[in-house]
Amino acid sequence: MLHIKGLTKYFGGLSAVNELDFTVNQEEAVGLIGPNGAGKTTTFNLITGFLRATKGTILFEGRNLVREKPHSIAKMGIVRTFQATSIFPGFTVLQSLVAASYLDPRIGFWEAALHRSSSRRKEKDILDQAHEILKFVSMEQMKDLLASKLPHGHKRILGIAIALAAHPKLLLLDEPLSGMNSSEVASTLDLINKIWHRGTTILLIEHNMKAAMGFCKRIVVLNFGQKIAEGSPKEIRENKNVIQAYLGVGDHAA
Amino acid sequence: MAGSNLVAQIILNGLMAASIYILVALGLTLVLSMTGIVQLAHGEIYMLGAYGTYFFCVVLGLHYLLALVISTLIIGLVGVPLEKIFFRPFRGRDFMPSVIIAVGIMIMLQTTAIVNFGSSIKVVTTPFRGVMTIAGAIVSWERLLVIAISAIFVGGLFLLLRRTKMGLGMLALSQDIRGAALQGISADRVSSVAMFLGCSLAAVAGGLMGAIFNLSPSMGGYALMKGIAVIILGGMGSLAGVVLGGLILGFIDGIVPPLLSVHMANLIGFICIILILIFRPQGIMGRPS
Amino acid sequence: MDRREITIPLNCALILFLFLIPLFVTGAYQLHVLVMTGIAVVLTSSLRLIFNSGQLSLGQGGMMTLGAYTSALLVTKLGLSTWIALGASAAAGALLGLLVGYPFMRLKGIYFSLVTVFMAEVIRLIAEQWRSVTGGTLGISNIPAPDAIAIPGLFNISFGSKVSFYYLTLILVLLSLLALYALERSRIGLTWFSVRESDFLSESIGIDTASSKVLGFCIGSFFAGLAGGLYSQYNSVITPSGFGFIYSMYVLIYMIVGGGQSFLGPILGAVILTFLPEVARPLKAYQPYIFGGVVILVMFLLPGGLVSLPQRIMTLFKGR
């Protein structure tokens, strides 16, 4: 589904990502790990168009994403979450999902402006859809809460829910578990698992090793912008390069 | 003889215009990037500098240079409590109220000038009348003075920013380097210093310009426009870019009018800026957003 | 919908009142103030639309000048009907917005605002320098009032008097506000709000944030151009500096002091702050101090604008 070849990104003289090659196949759950600054989020930014690659190609279902704008890439089916919590602070939970669901182009602009009955029906569909997603992520009780007032863990889940509302074929999750306590981690992993089982392909960046190894079927390890290892969690755990990369960073162990 | 005279005049005019533009734009960019204030009253500070110099020189009878220095210092110092009272409470938060307040201040400053000095045009004469000859061309002292004083200020500013701890701290803060706060550089102090410098630059520019051209309470708007144009052209957030932009626009305004017309000067300047916006929106030396 | 039951009759009563004003306000100067207030309301509300779509334009005055000159030139030089000219003035605003929108949108925040200031200045310069077409600094004069609307046998509305202009302005203002409100409540309005809340999040779920912002800018400029066209036909004289930087600033002040969050805010701001200088007129030269002082005071005490006054009073009473 997603083929990355020779992906390179230079910032001035520094290469954040260097000749990266990897693939994500349909319905896989792939993890992208590596020490801080390895270029994982940069890779996400490159895939989703928030950064323009210096070199290389990113093929998604045959199309090269390299010159596309982020919103076009999203419409093609790749949706991401962000490392820093990204929600619509002024919206309620429900409103956030309704807004996100407008990715559906079926309501014409003028239709909505004039509030015709056909648009009203589709607006009802969107509302139903939003409710469905809320149920799926178990946040129905909070639907009228202001997004900015949610506790941290729920903000992150909302971020995932917003991404879901955009009907992703490939979901890129950027450290979805950061800042969560162990019970939140468990329920979020559960949710991601549910999403995966529904048929969404997942590419996950995560610092929480246990979670990443436990959930992902295949892991890609980055360091200094390059792929240093790839394989099953077991293979990665025993890979000398990987261990080196994590322990060899500065004076402290990862 | 006449030819080299004309060339000398043109270059001089260009340099002079560039000097003023650079002073104003540097002051504006300092304030913009280091205090976070959208200093729309910058033009009025310039205007106050002109009127201040007029006051000390013409009304009180001091020597022009003395008047210039005093006026500049006073206005620069006035800027500090201005920043502290009116803008600092809003720093970091929604910038909109501070924009409105800047405009409010702008209105009040203009009114102050009109009330105190009347809306008629004023003239400042400097003791530096007369001309001298350089390389066979006749140049006026006044224009040379403007260029010289501007150079001193600009040079002094760059030294301050590159060589002193405060200066380096200001540069760091303007680039949002998180470490700046960790190194104990106080954002408050930086804001005060930046405001002082920014206002001083505008004030001295006004004082200099007032000697060449006439004063009117609405002269500030023109200065603000030029300052903005220079920043757009030379680069948002880049001091060297501001100097470059000022030189370019200054020379356009110095060279084109005698050869073609003032209209063409404006037009060419305008085309340059549009081109920059289309092809390099961050300015010639600006950092990409 | 309890609130609806109150606001709709209230609005109707207000509109009725506005229509009846000329019955007891007859002075030419007062009517002039009302017309200018109406124009200010349109400009301020359209600025709010642009602001809500994600960027802040400080060039509404420039768009207004553009509209004014477009309308004036079409009527005086080409002899077109004033109504067509009015439409053209609005279209001119939208077109310019479209033309400069995409390049401008690449600039972030305050630099976008600065560039719109510059754009307005360029418009002013062109109006001033293109003497052969625009009459230079003297501007265009003897612009005729709107053509009469006549249906033979039924009625003939001519626009010679201030009262007729008041009604024309009132109707245009009400229609504009209606359109602006509808847009805000529509799907595109929701898109604008999402983009404003978080533009990279919106982009990541498929919203074309650039186009969304450009659309907002175009529509806002449309109404500014319309206001300009109306003004040219009202005042019969327009000059390049009539609506420059200072005026754009005033429009911004009206919006923020009135309150940027609610639809009512800009309207309130425009009305109150247009009336304020009139009320302070006896103070003559010192009047701007009052204006500036009020503006600064409001920003300190009520950062949310005048609209937030009821809320503030309530929080004070609840003792926090």
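What covers the buried residues of helix 7 of chain A? In this predicted model, the cover includes helix 6 (152-165), strand 7 (170-174), strand 8 (201-205) and helix 8 (209-215), which are likewise elements of chain A.

The residues of helix 7 of chain A that are buried are A:Thr188, A:Leu189, A:Ile192 and A:Ile195. When the helix is viewed down its axis, these buried residues fall within an arc of 115°, and they therefore line one face of helix 7 of chain A. On the face turned away from that buried side, the exposed residues A:Ser183, A:Asp190 and A:His197 are carried. Helix 7 of chain A is followed by A:Gly199, for which phi is positive, near 115°.

Chain A as a whole is described by a domain assignment, which gives domain 1 as residues 2-87 + 168-247 and domain 2 as residues 88-149. Taken over C-alpha atoms, the centres of domain 1 of chain A and domain 2 of chain A are separated by 28 Å.

Contacts between chains were examined next. Chain A takes part through 24 residues, which are in contact with 19 residues of chain C. On the side of chain C that touches chain A, at least two residues each are supplied by helix 7 (162-185), helix 8 (187-197) and helix 9 (199-204) of chain C, and helix 8 of chain C gives the most, with six residues. Divided by class, this side of chain C has eight nonpolar, seven polar and four charged residues.

Chain C also meets chain B, in a contact that takes 26 residues from chain B and 30 residues from chain C. The elements that give two or more residues to the side of chain B that touches chain C are helix 4 (96-117), helix 9 (219-234) and helix 11 (262-279) of chain B, and the largest share, 11 residues, comes from helix 4 of chain B. The residues on this side of chain B divide into 20 nonpolar and six polar, with no charged residues, whereas four charged residues are found on the side of chain C that touches chain A.

Notes: Residues numbered from 1 in each chain as written. Chains lettered and ligands numbered in written order. Predicted model: local features only at pLDDT ≥ 70, side-chain atom pairs only at ≥ 80, totals over all residues. Contact = placed C-beta atoms within 7 Å. Helix = DSSP H or I, 4+ residues; strand = E, 2+ residues; numbered from the N terminus. Nonpolar A, V, L, I, M, F, W, Y, C, P; charged D, E, K, R; others polar. Buried ≥ 20, exposed ≤ 12 C-beta atoms within 10 Å, placed from the backbone. Arc of directions from axis to C-beta. Domains from an automatic or database assignment.
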